[in-house]
Amino acid sequence: MHFAALAIAAWATISATAVQAWPAPMPQPQPMAGAEGKELWMTTAAAATPKRARLPQAPSGAHVPAGKDHPYTNEEDGHADFNRYVERANTVPQYTAPTVAGVKSVLDPNARSALDSGAAIAFKATAHPLKPNTTLFDASALRMPLATNKWWQNLIIDDGAFPIHTYPYRITCTANSSTIGMPQFQATATSMVSSQVSDWEIGDANGALTKRLVSGADALGVSVTWSGASGAQMTAGFYKGSAFTTYRLTSMAPMLKTIHAIVNVQALALTVNSRNSTVKSNDVAMKLARALADQPALTQIKLNDGSQWLIVSKPAIDWKQDGTGRLVAQGGSAKYSGIVQLAHLGDNPAANLAVLQQYAGTYVTEGAVTYAQIENASGSGRTADIVMFYKTNTAAGADSSTAYSTRDVASTSQLLTFALPHHVDMLPASALLKPGLSGYRCTKGPLVAVAGNVITYAQPLRSVAYEGTHALSATDKASVAAQLPKDSTATATNITAEDPYFFGKGAAKIARLYQIANEVGDSSTANALGARLVAYLKPWLVAQSNSDPLVHDTTWGGIVSTKGLAGSGDDFGQGWYNDHHFHYGYFAYACAILAKHDISAFAPLREPMLQLLRDYANPSYADASFPFMRHFDPYDGHSWAAGLFSFADGRNQESTGEAINAYYGAYLLADALGLQDTADFYEIVLNMEATSGRRYWHPTRAQAKAIYMEPFEHNAIGIMWASKADYLTFFGANPEFIYGIQMLPFTPATTLLLDQAWVKEAWCPDGSSCADGMKLAAQSAGTSGWAQFLYTAYSVVDRSTALANVNKCTPDDGNTLTNVLYWIATCGQQVGSGS
């Protein structure tokens with residue numbers, strides 16, 4: 001699977017600079033017609049080249065210096081406090097996640113993990129050439145080690161200027177202000193992109209703010225604080241799904257500025273003590289009533305692009321235009337202390353305003369996620385509650401002891417948030433706000449309003465194991481057993497990769513054969529494969545004698561490859577924390593199979609392997625060596641890649657198949673070691689990843705039209721970004737690449753992605769109606785490993801057609817014909833059955 005390096009990204013207003021170490025040039029962005037005052041950006045695909053690269057490529061103008069050329073490499077250059085940052089990494093009090101009364105967590109995230117023996121890190125310690133830019137964050141407030149793949153990562157890398165995406169808003173944080181934009185989405189046949197425009201800027205009218213720092217982070221959001229002269233300060237907590245973007249101001253002269261022309265500013269009538277009684281806001285009676293009721297003031301703004309916004313202030317601000325296009329407080333006071341909230345009024349301003357005003361003034365102060373214990377653990381219909389809890393500034397939500405809100409009863413805290421489509425699929429109808437809000441969306445589709453500071457949904461759990469879904473029939477067992485020795489012999493010479501990604505695939509390939517050999521009762525082949533697997537893994541995990549040894553990065557807190565550390569584009573960017581879950585997930589799977597069948601052989605590998613697992617899937621906030629769940633985003637329900645690279649479209653993920661493999665490997669390894677609570681946790685995360693994978697990367701055509709908008713109607717997404725979606729991959733735009741990268745590697749966990757109904761629709765036997773269907777893609781891929789992936793997937797619909805074609809194909813470097821035949825037999829359509 002060595003294919004072209006290709007990346008497609010939407011970028012706006014970025015000056016052209018040379019970028020070192022990126023293996024492919026980028027297309028130039030092309031403007032498209034958009035709303036007044038806005039432009040939508042698209043890019044066109046670069047020509048394919050023979051080398052495959054999994055690392056997102058930098059567009060023209062992206063600021064991604066590497067190694068010694070990075071401005072923050074030298075500790076002495078602008079980072080006099082960096083040594084103090086490193087020294088306190090192991091002494092800073094660790095973040096403690098709030099808990100919700102009445103919810104039994106599957107494990108305690110504040111306790112030391114069962115994966116953490118307390119032993120020293122097994123890999124050689126070294127410093128990272130990219131030093132954290134400590135001018136961007138408060139090192140005394142953030143949990144150490146620092147995050148490397150969070151949705152808000154842009155705020156603490158490079159110069160911190162690239163946006164974050166809070167669904168529905170686009171936010172930037174400069175040294176003296178913050179900007180808020182409501183992205184406008186537009187689709188083509190191959191992508192959905194959003195505008196990269198900031199509608200509003202908020203700051204101090206007198207320029208008092210001069211410094212901004214990321215001042216905190218938790219399981220769901222991030223806090224930023226601005227400071228300056230005379231005690232001026234502004235703080236914001238950014239949480240995905242927030243209907244309002246909230247700023248807390250201290251000793252400031254509030255200022256709002258827009259790139260659009262302001263058409264109208266209207267102070268609104270406000271409900272006081274009753275949702276049915278109002279008085280006009282410009283009446284003396286209104287001002288008195290508002291003060292007595294401690295209610296916020298509401299201002300409606302109309303802009304010349306046709307949009308309307310609600311501005312909330314508490315205490316009240318009487319906004320006026322100052323002649324320079326800015327809105328400032330009447331009287332220009334520099335000592336205002338209070339809150340300012342902004343909310344777009346969507347596509348139905350009057351109706352949305354009626355809803356929004358009921359929740360004005362409430363905002364999140366802290367977020368937490370609880371993965372609850374599995375219900376009906378031994379039967380069918382297994383679920384686990386996912387509880388997203390938000391502390392708020394209101395009395396009802398300010399205390400973590402707030403009573404648990406069941407899935408069917410709204411909590412009392414008047415917090416207004418948005419749910420994503422996969423949340424809505426699992427939430428009861430009673431949890432959705434009625435009347436709701438309309439005209440709000442993000443990359444993952446329309447957003448649905450939910451009221452309450454506790455959002456709980458039941459995550460269905462589909463069971464997976466070491467074996468396939470069905471037992472091998474006698475005929476299938478004979479077929480698999482006949483092919484097994486041939487593939488086993490080949491693995492003695494064809495696992496030669498030197499980088500952790502392709503080596504990991506090779507090791508996992510041997511492990512698959514090892515597992516299958518044990519299932520078919522071929523002990524001789526199983527013993528040979530087990531010994532070979534240990535021999536391959538030891539140089540990487542024990543001796544570190546391979547040509548690209550893994551090392552312990554003490555700067556960011558992780559395990560990276562030597563070559564990846566030397567150059568940001570080497571080893572697919574893994575030295576810069578790109579794709580660790582993809583790479584180390586293969587190691588985890590290989591070690592899980594070894595531990596299951598030969599625990600004594602696994603013993604010397606145990607400690608270094610568990611440290612690799614903690615690197616990408618650490619389940620404990622108490623771990624001083626690795627960040628909590630490096631890649632996983634509980635709100636989106638899936639992982640993010642991209643590491644320490646800034647992107648205007650935010651984080652991204654390409655291969656859902658490898659993300660699923662990462663948590664499948666983690667689950668099996670914990671299970672093999674008898675760590676039941678840890679295994680349950682990983683099983684929940686695995687199913688969350690698969691649920692989002694099916695919903696967003698594997699949509700039905702009807703879902704694709706709803707999520708990504710017409711004329712986009714594909715059955716697959718190649719790359720999901722925080723603010724756009726692409727029907728292509730980082731290495732090419734062929735349909736077989738797009739489908740295949742969302743499936744590989746084929747293991748029993750792949751069944752979590754391949755629903756029969758979806759495969760049947762995506763196959764699309766009538767090529768005239770869908771030229772992008774899997775059938776034509778498989779045909780065009782000839783006898784390649786990509787074609788074999790698609791035919792294997794089709795076995796859940798038509799076993800005979802699949803078997804007739806997979807034997808003609810040359811397997812991918814991480815696959816074997818033995819594994820293909822086994823998967824079809826145990827996970828595909830069953831003989832004599834329609835399922």
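**Entry 1: before starting**
I am working with a predicted model. I kept that in mind for everything below.

**Entry 2: cavities**
How many cavities of 30 Å³ or more does the structure hold? I found 7 of them.

I went to the largest cavity, and its volume came out at about 100 Å³. Its lining is made up of 14 residues, and I noted the ones closest to the centre: Ala-508, Lys-509, Arg-512, Pro-745 and Gly-814. The largest share belongs to α6, with 4 residues. I also sorted the lining by class and got 5 nonpolar, 6 polar and 3 charged residues.

**Entry 3: the second largest cavity**
Here I found about 90 Å³ of space. I looked up the residues around it and wrote them down in groups. One stretch of the numbering gives Gly-237, Tyr-239, Ser-242, Ala-243, Phe-244 and Thr-246. Further along come Thr-362, Tyr-363 and Val-364, and then Leu-415 and Leu-416. Which classes make up this lining? I have 7 nonpolar and 4 polar residues in my notes, with no charged ones. For the largest cavity, I had noted 3 charged residues.

**Entry 4: a sheet of 3 strands**
I turned to an open sheet and followed its strands in the order β3-β30-β31, with mixed pairing. Which strands sit at the edges? They are β3 (125-126) and β31 (558-561), and each of them pairs on one side only. I then checked β30, residues 550-553, against β31: the two run antiparallel and are joined over 4 bridges. To find my place in the model, I picked out Asp-553, which stands opposite Gly-558 of β31.

**Entry 5: nonpolar cores**
A general point to carry along: in soluble globular proteins, nonpolar side chains tend to be buried together.

I looked up the largest nonpolar core and counted 239 residues in it. Which residues have the most contacts inside this core? My answer is Phe-238 and Tyr-247. The element that gives the most to this core is α6, with 12 residues.

Definitions and conventions. Residues are numbered from 1 along each chain as its sequence is written. This is a predicted model: local features need pLDDT of at least 70, side-chain atom pairs count only at pLDDT 80 or more; totals for chains, interfaces and linings use all residues. Side-chain values use heavy atoms; hydrogens and water are left out. On a 1 Å grid over the protein atoms alone, a cavity is a set of points where a 1.4 Å probe fits but cannot get out, and a pocket is an open set with protein on both sides within 12 Å along at least five of seven lines; lining residues have an atom within 4 Å of a point. Grid points are joined across faces, edges and corners, and a volume is the space filled by probe spheres set on the points. Ala, Val, Leu, Ile, Met, Phe, Trp, Tyr, Cys and Pro count as nonpolar, Asp, Glu, Lys and Arg as charged, and the others, Gly among them, as polar. Two strands pair if DSSP finds at least two bridges between them. A nonpolar core is a set of buried Ala, Val, Leu, Ile, Met, Phe, Trp, Tyr and Cys residues joined through side-chain atoms within 4.5 Å. Buried means under 20% relative accessible area, exposed over 50%, partly exposed in between (1.4 Å probe, protein chains only).
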